[in-house]
Amino acid sequence: MKILITGGAGFIGSALVRHIIENTNYSIVNLDSLTYAGNIESLGEAYLDPRHKHIKVDICDALNELIPLAQLENTQMLKLQSWASSGRIRLASSKSNKVK
């Protein structure tokens, strides 16, 4: 099985990537733009595992190409962020794409 993870170098995403690599035989495609919240070092040894592939891309940009291929009329993307030090999660941004 191959799993697509967005934000896989962030606090929550990297923990998920590490868990899957350490506990399953699944492959992972990890989409992360590596902004201030994403850090390759968070992935540890999972980053070098041959079942892990990182693609540096902003998922919002990638969606603009995927939406027409999927023939969707409308999408809503919500981006959640977590701050480990505070234990809070907030809605960091929201982006809508209307397909004509």
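This is a predicted model: local features need pLDDT of at least 70, side-chain atom pairs count only at pLDDT 80 or more; totals for chains, interfaces and linings use all residues.
Colleague: What pLDDT does the chain average?
Modeller: pLDDT is the predictor's confidence in each residue, from 0 to 100. Over residues 88-100 the value is below 50. In the chain, 64% of the residues score at least 70, and the average pLDDT is 75.

Colleague: In what order do the three strands of the open sheet stand?
Modeller: Two strands pair if DSSP finds at least two bridges between them. Strand 1 (2-6) and strand 3 (52-55) each have a single partner strand and stand at the edges, so one side of each is left without a neighbour in the sheet. The pairing is parallel, and the order is 1-2-3.

Colleague: How many bridges join strand 1 and strand 2?
Modeller: Along this pair, Leu4 stands opposite Val29, and Thr6 stands opposite Leu31. Strand 2 covers residues 27-31, and its parallel pairing with strand 1 runs over five bridges.

Colleague: Is strand 2 largely enclosed or left open by the rest of the structure?
Modeller: Buried means under 20% relative accessible area, exposed over 50%, and partly exposed in between (1.4 Å probe, protein chains only). Four of the five residues of strand 2 are buried, so this strand is largely enclosed.

Colleague: Which residues make up the largest nonpolar core?
Modeller: A nonpolar core is a set of buried Ala, Val, Leu, Ile, Met, Phe, Trp, Tyr and Cys residues joined through side-chain atoms within 4.5 Å. Helix 1 (residues 11-23) gives the largest share of this core, three residues. Another core, of five residues, lies apart from it and includes Val29, Leu31, Ile59 and Ala62. The largest core has seven residues: Ile5, Val17, Ile20, Ile21, Ile28, Leu43 and Ala46.

Colleague: Which residues does Ile21 contact beyond its neighbours within four places in sequence?
Modeller: Contact means heavy atoms within 4.5 Å. Ile21 belongs to the largest nonpolar core. With those neighbours left aside, its contacts are Tyr26, Ile28, Ala46, Asp49, Arg51 and His52.

Colleague: Which backbone oxygen does the side chain of His52 reach?
Modeller: His52 lies in strand 3 and is buried, with a relative accessible area of 7%. Leaving aside neighbours within four places in sequence, its contacts include Val17, Ile28 and Leu43. At 3.4 Å, the side chain of His52 reaches the backbone oxygen of Tyr47.

Colleague: At what distance does the side chain of His54 reach the backbone oxygen of Asp32?
Modeller: His54 also lies in strand 3. Neighbours within four places in sequence aside, His54 is in contact with Asn30, Asp32, Leu34, Ile40 and Tyr47. Its side chain reaches the Asp32 backbone oxygen at 3.2 Å.

Colleague: Is Ser14 buried or exposed?
Modeller: Ser14 is found in helix 1, and its side chain reaches the backbone oxygen of Gly10 at 2.6 Å. Beyond neighbours within four places in sequence, Ser14 is in contact with Gly7, Gly8, Ala9, Ser42 and Leu43. At 2% relative accessibility, Ser14 counts as buried.

Colleague: What distance separates the C-alpha atoms of Tyr36 and Gly10?
Modeller: Tyr36 is found in the loop between strand 2 and strand 3, and at 63% relative accessibility this residue counts as exposed. Tyr36 and Gly10 are 26 residues apart along the chain, and their C-alpha atoms are separated by 9.0 Å.

Colleague: What share of the 100 residues of the chain counts as buried?
Modeller: Of the contacts in the chain with a separation of 6 or more, 51% are between residues 24 or more positions apart. The share of the 100 residues that counts as buried is 29%.

Key: Residues are numbered from 1 along each chain as its sequence is written. Side-chain values use heavy atoms; hydrogens and water are left out. Helices (H or I, at least four residues) and strands (E, at least two) are DSSP runs, numbered from the N terminus. A polar contact is a pair of N or O atoms within 3.5 Å; within protein, one must be able to donate a hydrogen and the other to accept it, and residues adjacent in sequence count only if both atoms are side-chain atoms.
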